[in-house]
Amino acid sequence: MSCFPFNTSILQGTVFGTDGMPVAGLPIVYTVNGDIFRTTTNACGQYRIAVPKFSAVTIRPEVGLGVNVIPESYTITPQCPVVSCLNFRLTPVSTPTVVTLSGSVLNTLGAPVANIPISYTVNGTTLTTTSNANGLYSFTAFVGSNVTITPQPGVGVSVAPPTRSLTNVVSDQPGLNFTLTPII
C-alpha cells in the first residue's frame with residue numbers, strides 16, 4: 001500500500017553547496033499551477049514535496065547574493081509517482097580580476113578626436129594607448145588598481161580635465177571623457 005494518494009507525485013532532490021557537500025536548512029520555493037509554496041532542505045540537504053500529478057511545477061532554491069544555482073530551476077509536469085534527482089549545485093559568483101576603463105576624446109563641439117595618445121599609469125607603471133577613429137579609448141587594469149589617465153594632445157591644446165585619477169578601482173569605469181580645446 002502506498003503512503004501517497006494515487007493522484008500525487010513526490011518530487012525530491014538534494015542541494016549541494018559550493019564545497020560539494022549537501023546544504024541543510026536551505027529554503028526551496030516551488031510553484032504548483034501558479035500557487036507559491038516553500039519548504040527547506042533537511043539535515044542531509046534533501047527536499048521532498050508532494051504535488052498533484054500533471055500539474056505545472058517549478059522548483060528553485062532561494063539563495064542570497066554572491067551565489068549561482070545550477071540549474072537555476074526545474075519546471076516539470078510530473079506523471080510518475082516519484083520524480084528523483086532534481087538536484088541543485090550552488091557555485092560562487094565569479095569575481096572579475098580585471099576591469100575596463102574607457103572614455104572618449106572630444107573637441108569643444110563634441111566631435112571625436114582620433115589618434116590622441118593617452119598616457120595611463122596603473123599602480124606605478126606607465127603605459128600608452130591611442131584614441132581610435134571614433135575618439136574612443138580603453139584599457140584594462142587589475143581589480144583594486146590605482147589609475148591615472150592623461151591625454152597627450154601635443155603643443156597648443158589644453159585638456160579638460162587635464163588628468164583623471166581613480167583609487168582602488170573595483171568595477172568597469174566607462175565615461176572617462178576628455179575635451180580638447182585649442183590654445184589661441
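Trainee: How many bridges join β15 to β17, and do these strands run parallel or antiparallel?

Mentor: Strands of a sheet pair through backbone hydrogen bonds, in either a parallel or an antiparallel manner. In this predicted model, β15 and β17 run antiparallel and are joined by four bridges.

Trainee: In what order do the strands of the open sheet lie?

Mentor: The open sheet has four strands, in the order β13-β10-β17-β15, and its pairing is mixed. The edge strands, β13 and β15 (157–160), each pair on one side only. On average, neighbouring strands of this sheet are turned by 25° against each other, direction ignored.

Trainee: Which residues of the largest nonpolar core touch the most other members?

Mentor: In soluble globular proteins, nonpolar side chains tend to be buried together. Here the largest nonpolar core has 19 residues, and those touching the most other members are L101, V105, Y137, F139, V147 and I149. At least two residues of this core come from each of β10 (98–107), β11 (117–122), β13 (136–142), β14 (145–151), β16 and β17. Another core, of 18 residues, lies apart from it; V15, V32, V69 and Y74 are among its members.

Trainee: What is Y137 in contact with, leaving aside its neighbours within four places in sequence?

Mentor: The contacts of Y137 include L101, S102, G103, S104 and V105. Also in contact with Y137 are I118, T129, T130, S131, I149, L176 and F178.

Trainee: Where does G175 lie, and which residues does G175 touch?

Mentor: G175 is in the loop between β16 (164–169) and β17 (178–182). Not counting residues up to four places away in sequence, G175 touches S102 and G103. By contact, S102 and G103 also belong to the list for Y137.

Trainee: How far apart are the C-alpha atoms of G175 and I36?

Mentor: The C-alpha atoms of these two residues are separated by 43 Å, and G175 and I36 are 139 residues apart along the chain.

Trainee: Does T8 count as buried or exposed?

Mentor: T8 has 14% relative accessibility and therefore counts as buried. This residue is found in strand β1 (residues 8–16). Not counting residues up to four places away in sequence, T8 touches A50, V51, P52, K53 and P81.

Methods:
Residues are numbered from 1 along each chain as its sequence is written. This is a predicted model: local features need pLDDT of at least 70, side-chain atom pairs count only at pLDDT 80 or more; totals for chains, interfaces and linings use all residues. Side-chain values use heavy atoms; hydrogens and water are left out. Contact means heavy atoms within 4.5 Å. A nonpolar core is a set of buried Ala, Val, Leu, Ile, Met, Phe, Trp, Tyr and Cys residues joined through side-chain atoms within 4.5 Å. Buried means under 20% relative accessible area, exposed over 50%, partly exposed in between (1.4 Å probe, protein chains only). Two strands pair if DSSP finds at least two bridges between them. Axes are lines fitted to C-alpha atoms, for helices over the stretch in contact, and angles run from 0 to 180 degrees between N-to-C directions.
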